[in-house]
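Q: I have a model open here and want to go through it. Can you take me through it, beginning with a single residue?

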Amino acid sequence: GVLLNNPQGWTSTTPLNILYQAQFLVLVIYTGLTLRLKWGALCTLFAAMPTAPILLYAYATGPAVGRDVMLGALTQESLIASAGLVMVLLVERGVRQRELGLSLAIQLRESQLQLQKKMAEVEQLSRTVETTDRQLHGLNTLVRTNLNVLYDDLREIVQREQRQLDALPLS
């Protein structure tokens, strides 16, 4: 069990003292979880307030008895308050890590949505490029066919003109 000094100066591990410590730590942990660091630290200080009457009693009784009582009470409360503050800091760290994780998850989801949107745009552009390529191929085929017909027609005209020139007497 945990050894505690009481106002009479003797050491005890009674269930009442252990219950007091547990109640204090539960209060500090709950406050740290719900109200965060500032209020958890404040709760720790308020929970240590019951020691004030013991310290006043020790101060009033004089140096012989009071010093031992005061030292015991201060030791007990400083250990409990330190444990409470450590608990509050650990809880605050856990809460901040959870909030950071949640924030990162939200950012990741937003990035995924943006990526999906960009992928849809790229897919649409790809379809547009394919359609344009087919259209250009068709136009190319049409132009080549028309050029071939024009070439054939021009060649036929040139050949006819050449025959007519060949048929003329040389003067």
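A: Start with Glu92, which is found in helix α3; helices (H or I, at least four residues) and strands (E, at least two) are DSSP runs, numbered from the N terminus. This is a predicted model, where local features need pLDDT of at least 70, side-chain atom pairs count only at pLDDT 80 or more, and totals for chains, interfaces and linings use all residues. Residues are numbered from 1 along each chain as its sequence is written, and side-chain values use heavy atoms, with hydrogens and water left out.

Q: Is Glu92 buried or exposed?

A: Glu92 counts as buried because its relative accessibility is 5%. Buried means under 20% relative accessible area, exposed over 50%, and partly exposed in between (1.4 Å probe, protein chains only).

Q: What does Glu92 touch?

A: Leaving out residues up to four places away in sequence, Glu92 touches Arg36 and Leu37. Contact here means heavy atoms within 4.5 Å.

Q: And which side chain makes a polar contact with the side chain of Glu92?

A: That of Arg96, at 2.8 Å. A polar contact is a pair of N or O atoms within 3.5 Å; within protein, one must be able to donate a hydrogen and the other to accept it, and residues adjacent in sequence count only if both atoms are side-chain atoms. Arg96 also forms a salt bridge with Glu92, with the closest N and O atoms 2.8 Å apart. A salt bridge is a side-chain nitrogen of Lys or Arg within 4 Å of a carboxyl oxygen of Asp or Glu.

Q: Where do Arg96 and Glu92 lie?

A: Both are in helix α3 (residues 63–167), four residues apart, about one turn of the helix.

Q: How many salt bridges in the whole structure?

A: Three. Another one joins the side chains of Lys118 and Glu121 (3.8 Å, N to O), which both lie in helix α3, three residues apart. Glu123 forms one with Arg127, the closest N and O atoms being 2.8 Å apart.

Q: Why are Glu123 and Arg127 separated by about one helical turn?

A: Because they are four residues apart in helix α3.

Q: How exposed are the residues in those pairs?

A: Glu121 is partly exposed, with a relative accessible area of 35%. Glu123 is partly exposed at 48%, and Arg127 at 40%.

Q: Change of topic. Which residues form a nonpolar patch on the surface?

A: Leu35, Trp39, Leu42, Leu45, Phe46 and Met49, with about 630 Å² of accessible area together. Patches are made of residues with over 30% relative accessible area and no salt bridge: like charges are joined within 9 Å, nonpolar side chains (Val, Leu, Ile, Met, Phe, Trp, Tyr) within 5 Å. Accessible areas come from the Shrake-Rupley method with a 1.4 Å probe; for residues, only the protein chains shown count as cover. Leu45 lies in helix α1 (residues 15–47) and is exposed, with a relative accessible area of 55%.

Q: What pattern does the protein chain follow?

A: Along the sequence it reads β-β-α-α-α. Of the 171 residues, 17% count as buried.

Q: Where is confidence lowest?

A: In strand β1 (residues 4–5), at a mean pLDDT of 46, while α3 is highest at 88. pLDDT is the predictor's confidence in each residue, from 0 to 100. The protein chain averages 79. Over residues 1–12, pLDDT stays under 50. Where pLDDT is low, the predicted coordinates should not be read in detail.
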